Amino acid sequence: MPSPPSASERPASPHSRANLPGALTVPTGARILLESPFQQPGTQVTVILPEQRVRRIVLALPVEKGDGKKYGRSLDEIGRLPADLRDATAFAAPTFSESPWLVNHATRADCQQEDHFVRVVVPTVLAALGGQDRPPVHLLGFSKGGFAALNLLTRHPDLFAVASVWDPSLLSDRPPHPQLVDVAGSTARLDEYDVRQNLRRHAQALRGAGRIALGGVGTLEADWTAGHQLLEALEIPHHAYRDAPAEHRWDAAWLAPAMRHLLALEARLYPGQDQGPAEG
């Protein structure tokens, strides 16, 4: 089980430089431009801070490169959620210069998506909290963002606490998506990021308290079914639900139950800790 590290234990990011003010704090809804050796120029992360003390960070994983909005905008839909699902939560949405499967390309230095996320985006969001102790960091996504969230949880179980995914593109028996092939760059790298294999490889680390919420009833029903069956076979505790019908896009209709399940898993993961909504 991960424990929220203190501020002094935040992951170092010697290769990242963000255009943050000297106090390393940002106003509510700030868009932070990033200078990253792992991406082409122009990536950014938008951070929305609550009025209360931050008790958790939720990273909304994108499905389009750059600032694409064909499938909606994550933070706009998050803003439509009931207040009790947003209280005391810092939400952040990063951008990537290529299709964001969050994998490291086999050869291209400017397409190291996992490194960019872990070594640049996460430390930048943590720095935006100023002097607060580090709260739990959670992952939220759908489609390829669901693929990325479960991969990141398996590969970095001490950095991320809960992955709440809906309509994920990850586990059905079909060839890899052409976008994924392009950003991986080699067959060996594709195997390294095969989420089915990563769940098997790292199952032992995920067999404690439940850390996965798997939502469905979208376009990718076969993926949801295969994912639920695999997690059960591996004895990885999770919450699988099918009560969030919505279009395959960012939508408060599925984000609301996804956040409710995320908060419920967080409460069980850190029993006795005051992680609930705070008074302003």
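Predicted model: local features only at pLDDT ≥ 70, side-chain atom pairs only at ≥ 80, totals over all residues.
Figure 1. Leu206 belongs to the loop that runs between helix H6 and strand S8 (212-215). Apart from neighbours within four places in sequence, the contacts of Leu206 are Leu153, Thr154, Leu199, Arg211, Ile236 and Pro237. Leu231 lies 25 residues from Leu206 in sequence, and the C-alpha atoms of the two residues are 9.9 Å apart in space.

**Figure 2. The protein as a whole.** Of its 280 residues, 57% are buried. Contacts between residues at least 6 apart in sequence join residues at least 24 apart in 75% of cases.

**Figure 3. The largest nonpolar core around Phe117.** This core has 56 residues, and those with the most contacts inside it are Ile57, Leu59, Phe117, Leu139 and Phe160. Helix H2 (residues 113-127) provides the largest share of the core, with seven residues. Phe117 touches Leu59, Leu61, Pro94, Phe96, Leu102, Val122, Pro123, Leu139, Leu152 and Phe160, when residues up to four places away in sequence are not counted. A second, separate core has 29 residues, among them Leu75, Leu81, Trp250 and Trp254. In soluble globular proteins, nonpolar side chains tend to be buried together.

**Figure 4. Strand S3 and its two pairing partners.** Four of the five residues of strand S3 (residues 44-48) are buried, so this strand is largely enclosed by the rest of the structure. Strand S2 (residues 30-35) pairs with S3 in the antiparallel sense over four bridges. S3 also pairs with strand S5 (residues 89-94), in the antiparallel sense and over four bridges. Which residue of S3 is the bridge partner of Ala30? The partner is Val47, and Val47 also stands opposite Ala92 in S5.

Figure 5. Thr95 is found in the loop between S5 and H2. Its relative accessibility is 8%, and Thr95 therefore counts as buried. With residues up to four places away in sequence left out, Thr95 touches Gly42, Thr43, Gln44, Gly66 and His116.

**Figure 6. The largest pocket and its lining.** The volume of the largest pocket is about 650 Å³. The lining consists of 33 residues, of which Trp101, Lys144, Ser169, His177 and Leu180 are the closest to the pocket centre. Strand S6 (137-143) and helices H3 (144-155), H4 (178-184), H5 (187-192) and H6 (195-201) each supply at least two residues of this lining. Which element gives the largest share of the lining of the largest pocket? That share, four residues, comes from H4. By class, the lining of the largest pocket comprises 15 nonpolar, seven polar and 11 charged residues.

**Figure 7. The second largest pocket.** The second largest pocket holds about 340 Å³ of space. Its lining has 20 residues, and Asp67, Gly68, Arg73, Ser74 and Ala93 lie nearest the centre. At least two lining residues are supplied by each of S3, helix H1 (74-78) and S5. Eight residues of the lining of the second largest pocket are nonpolar, seven are polar and five are charged.

Figure 8. Most residues other than glycine have a negative phi. Asp167, which is not a glycine, has a positive phi near 45°. Asp167 is part of strand S7 (residues 163-168) and, at 1% relative accessibility, counts as buried. Val217 is likewise not a glycine, and its phi is positive at about 80°. Val217 is placed in the loop between S8 and helix H7 (221-233). Is Val217 buried or partly exposed? Its relative accessible area is 29%, so Val217 is partly exposed.

Methods. Residues numbered from 1 in each chain as written. Heavy atoms only, no water. Core = buried A, V, L, I, M, F, W, Y, C linked by side-chain atoms within 4.5 Å. Buried < 20%, exposed > 50% of the residue type's maximum accessible area, 1.4 Å probe, protein only. Contact = heavy atoms within 4.5 Å. Pairing = 2+ DSSP bridges. 1 Å grid on protein atoms, 1.4 Å probe; cavity = no way out; pocket = protein on both sides within 12 Å on 5 of 7 lines; lining within 4 Å. Points joined across faces, edges and corners; volume = space filled by probe spheres on them. Nonpolar A, V, L, I, M, F, W, Y, C, P; charged D, E, K, R; others polar.
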